[in-house]
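The entries below follow the order in which I checked things.

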Amino acid sequence: MPNLFLNVLYKGYILKLLYILFIFIYSFSSFGLVTIMPVFHLPKPLGSFEVGMNSRYLIDESRHDSEQKAHELMIQIWYPVEVKDGAQDSHYESFPYEEWSGTMEFIFSVPRFLFEYLKYGQTNSIKDIAVSNQEDKYPVLLFSHGFGSTRMQSYSQMEELASHGYFGVSVDHINDAAYTKFPDGREILNQTDAYSYSFNIEDEKDVKTRSKDMSYALDQLSMINDKDPRGLFTGKMDMDRIGIFGHSYGGSTAAQALLDDSRISAGINIDGPLHEPVASSGFEQPFMFILNEDYLYISDEEIQYTNITSEEFQKYHNKITELADFHYKEGIKGDTFMLTFIAGDHYTFTDFPFLSPLLSWNIDVNQFHQVMNRYILAFFDHYVKGADPDVLLNKEKKEDKFYYYKTNIKSDLTDENNK
């Protein structure tokens, strides 16, 4: 079930823009190239830790695909580290060009080489460095990407969380990811139609499969924590303190995983719809909605690229909006929060706007991400780390030009959480 962020919302003008853009780009001077496709650096994390990064290949022998091959997964792990003597600059990893260019090819049906400039971008992550010993162990936050995306889609956000003392673990959902490359060199490019969306909240099969991916990743992380064959993470992950979040269809996955897996204590949905069975049943754990004010809305012009009518879309949109409001108010039994951005749109929640000025338009992307990450940290610090609630978390705040925020604290559950 494709992700609106990567598909319907932008086909109308982004696809046309790309074709026109790249015809002109290669006729531009070097100044034009640098302006439109600059060498970029992801924003520096604001936490007290430097950031380490490690990838793992997992294979689930209990599940098989249509060709009866065992279910494979790639996960990316970011974590807190310490670097001395100012030597870290030479160790920072380059931006994950292969995953992102493969994703761009899937979304826009243009050759990967057109996005080759991405390989010159810089991250703030140091590969395979030892975990910090400032604390005995660190809590774990799972992340689920949107359909047709990649586990690398929110790299900067994962760095930010790791810099504040978390293991951030992003899972590639192989059937849904745009592009995945395995350690043996095999590449999988998603063969589905990037622009078809079922607009059906009752379509639970895919979100349940994704939820199983998250639980399996947790199983494997527990084994790695017990005895890491690479000797890197043994005993460093606090498997009693686990949270989950995701973007778009990944937000749907986060909600489903909370229903399916009692090991996860809290979750966040970043601009995704709720699907069945969550839509009907809800769950017990605290939950935060982070939404764009338009909440997955698409115009009549964009609807022409879908397989439904304007009337059918309006019915779907009314339903997902009602479900978000219902679960914020009463359908979720734990404390609930809703952070709604007036600025930006669906893709602004990811690293897309950092890649080119053309994708940031008239928004301060750094400010947008700083606000989002502050609320995410306040939420997980309280409900996963067990810290006293940040004033930010409990304060109702409205900024007319940027975002507004509201809380639904259930006093009895809050008291229980604070014991």
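I began with α4 and α10, whose crossing is right-handed (the near helix is turned clockwise from the far one by less than a right angle). The model is predicted, so I noted its rules: local features need pLDDT of at least 70, side-chain atom pairs count only at pLDDT 80 or more, and totals for chains, interfaces and linings use all residues. Residues are numbered from 1 along each chain as its sequence is written, and side-chain values use heavy atoms, without hydrogens and water.

Next I looked up the geometry: α4 (residues 155–163) and α10 (residues 365–383) pack at about 45 degrees, with axes 11 Å apart. That makes α4 oblique to α10 (angles under 35 degrees count as roughly parallel, over 145 as roughly antiparallel, 65 to 115 as roughly perpendicular, the rest as oblique). I listed the contact (heavy atoms within 4.5 Å): Ser156, Gln157, Glu160 and Leu161 of α4 meet His369, Met372, Asn373, Ile376 and Leu377 of α10.

Then I turned to α5 (residues 205–226) and α6 (residues 249–260), whose axes come within 8 Å and cross at roughly 70 degrees. α5 is therefore roughly perpendicular to α6. I logged this crossing as right-handed too. Residues in the contact include Asp206, Arg210 and Met214 of α5 and Tyr249, Thr253 and Asp260 of α6.

Last, I checked confidence (pLDDT, from 0 to 100 for each residue). The chain's mean pLDDT is 85, and 83% of its residues reach 70 or more. Residues 1–16 fall below 50, and I found 64 contacts for this stretch beyond near neighbours in sequence.

How values were computed. Axes are lines fitted to C-alpha atoms, for helices over the stretch in contact, and angles run from 0 to 180 degrees between N-to-C directions. Helices (H or I, at least four residues) and strands (E, at least two) are DSSP runs, numbered from the N terminus. pLDDT is the predictor's confidence in each residue, from 0 to 100.
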